[in-house]
Amino acid sequence: MTAAAKRSLLAGLRWTSLRLRLVVVFALVALTAAVSASGIAYWLNREAVLTRTQDAALGDFRQEMQNRAASLPLHPTKDDLQNAAVQMASSSPGYSVLLVDKRDGDKPIVGNSNLDTFTLDNVPLSLQQQVNRKQPAEAGNTYPYHLFWQRTSIRGTPYLVAGTRIIGGGPTGYMLKSLDQERQDLNSLAWSLGIATGLALVGSALLAQAAATTVLRPVQRLGDAARKLGEGKLDTRLVVSGTDELADLSRTFNRAASSLEKKVADMTAREESSRRFVADMSHELRTPLTAITAVAEVLEDEADSLDPMIAPAVHLVVSETRRLNDLVENLMEVTRFDAGTARLVLDTVDVADQVTACIDARAGLDAVDRDAERGMMVRLDPRRLDVILANLIGNALKHGGSPVRVAVRTDGDELVIEVRDHGPGIPEDVLPHVFDRFYKASASRPRSEGSGLGLSIAMENAHIHGGDITAANSPDGDGAVFVLRLPRDAEELTRTARDRGAEARDEEGEAT
């Protein structure tokens, strides 16, 4: 399975995915509709089946009571009741009959069609009382005795029990009709409806999946295109087909991508032109600056023998020439960073020796306190480390306050160099901009004589090593603290960069 297929599968399985939510909504709607329809169908069929069976049995029982029980003698014997009950049951649609009469002294005599399945104990007491209760004769009720029925359960089997009494004197009759067949039929219907509900649920899920695939495929293509666009592939476009809203969205994306590609191309061209201009200007300035610097050095050597009125001007020309030379060198260094041509030249160095050499070359060993133990070996670019230290220490000496302290330590696989001064600190509104190019703080610190590129170049040199520089004020409010963090071995960084470049070239080869 390819990586794209795995991502697509995982995206479809996420709870937050639109595909899964669409399938779940379809399934819930189908389940609700199927359960509602099945429930209504089951209830209607149940009532229809039970009512039909019940009406048939009650109607037949009433007719048999009129035809056979009413024709019995006024005081029937047990055999008379037994024979009548058997005849009524034999002609009935599957129910048992129980006939009850009373002798002198209210002693009951009973005749039934099946003594094993139907006795007086099977008749609920409430039904017996209702059957034997004489109803008052009214305009809407001309009969003193009525037919009453009740559904009951005997040993787990559903039954219909009914009873009535012969008007004018005669036996009381009860019938017992089993509803087990109807229950089985209704259970079969319930299973059928359950299976139909399950099939409807599966069908709705498949339908939702098909709909999600149809609807979300353009959305997925749009997401992939947006991802590629975010990765810098500005020539990414979507194939547009149809006239629906998704097609309009694809056209809008293509127009936005085209506009973005054009703007980025224009900005890249302008940036490249500006970078080329700065590089060309810096190179062109180096030749005359070399000549001017040589002349300035000669004038500086002869300054003591010149007219006192001219000597200050000579010193000014010399200092400004050196400043201009530093500016050109800094501009060329910035141009190399912007063009991506800056490279590390690694060597194994002793950090304490590197710090000592940097301080001695620029400020004098007595101007800075050092806390660096010899023997702390790292593999870095010594020239770029010297540039970083020179800018951080020079910035502390120029803009901070004495004493300036440089502390070197290791933190795991990192080299940590802390440069602290005891000046007024850095204003809070300046802190976010101290590493910006050509940014110069004012107000609380003296006006800088530099170009405003030193800290920016230091940060770039830290980044090319895979490190970073942070600036903050001392917690005790006494001065500013710059912390440089670099990997102790930048060889791994350069090796990783080479591997990434090789992989990129391989991918480009496969694409072509």
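Predicted model: local features only at pLDDT ≥ 70, side-chain atom pairs only at ≥ 80, totals over all residues.
I started with the surface: the accessible area of the protein comes to about 30300 Å², and 55% of that belongs to carbon and sulfur atoms (Shrake-Rupley method, 1.4 Å probe; for residues, only the protein chains shown count as cover).

Residues are numbered from 1 along each chain as its sequence is written, and side-chain values use heavy atoms, with hydrogens and water left out.

Next, the overall tally. I get 11 helices and 12 strands (DSSP runs numbered from the N terminus: H or I of at least four residues for helices, E of at least two for strands). Of the 512 residues, 35% count as buried (under 20% relative accessible area, 1.4 Å probe, protein chains only).

Then the sheet. I looked up an open, mixed sheet of five strands, ordered β7-β9-β10-β12-β11 (strands pair if DSSP finds at least two bridges between them). β7 (368–371) and β11 (468–473) each have a single partner strand, so one side of each lacks a neighbour in the sheet. The twist averages 15° from one strand to the next (axes are lines fitted to C-alpha atoms, for helices over the stretch in contact; angles run from 0 to 180 degrees between N-to-C directions). β7 runs parallel to β9 (residues 404–411), with four bridges; Arg370 has Val406 in β9 as its bridge partner.

I checked the helices on this sheet. α8 (residues 351–362) touches β7, β9 and β10 (414–420), and its direction makes about 175° with that of β7 (contact: heavy atoms within 4.5 Å). α9 (residues 382–399) lies across β7, β9, β10, β11 and β12 (480–487), at about 175° to β12.

On to the cores. The largest nonpolar core has 39 residues, with Ile417, Ile469 and Leu484 touching the most other members (buried Ala, Val, Leu, Ile, Met, Phe, Trp, Tyr and Cys joined through side-chain atoms within 4.5 Å). α9 gives the most to this core, seven residues.

Last, I picked Thr197, in helix α5 (residues 180–230). Thr197 is buried, because its relative accessibility is 11%. Its side chain makes a polar contact with that of Ser38 at 3.0 Å (N or O atoms within 3.5 Å; within protein, one must be able to donate a hydrogen and the other to accept it, and residues adjacent in sequence count only if both atoms are side-chain atoms). Thr197 also touches Leu31, Ala34 and Val35, among others.

Methods: Buried < 20%, exposed > 50% of the residue type's maximum accessible area, 1.4 Å probe, protein only. Lists of a residue's contacts leave out its neighbours within four places in sequence.
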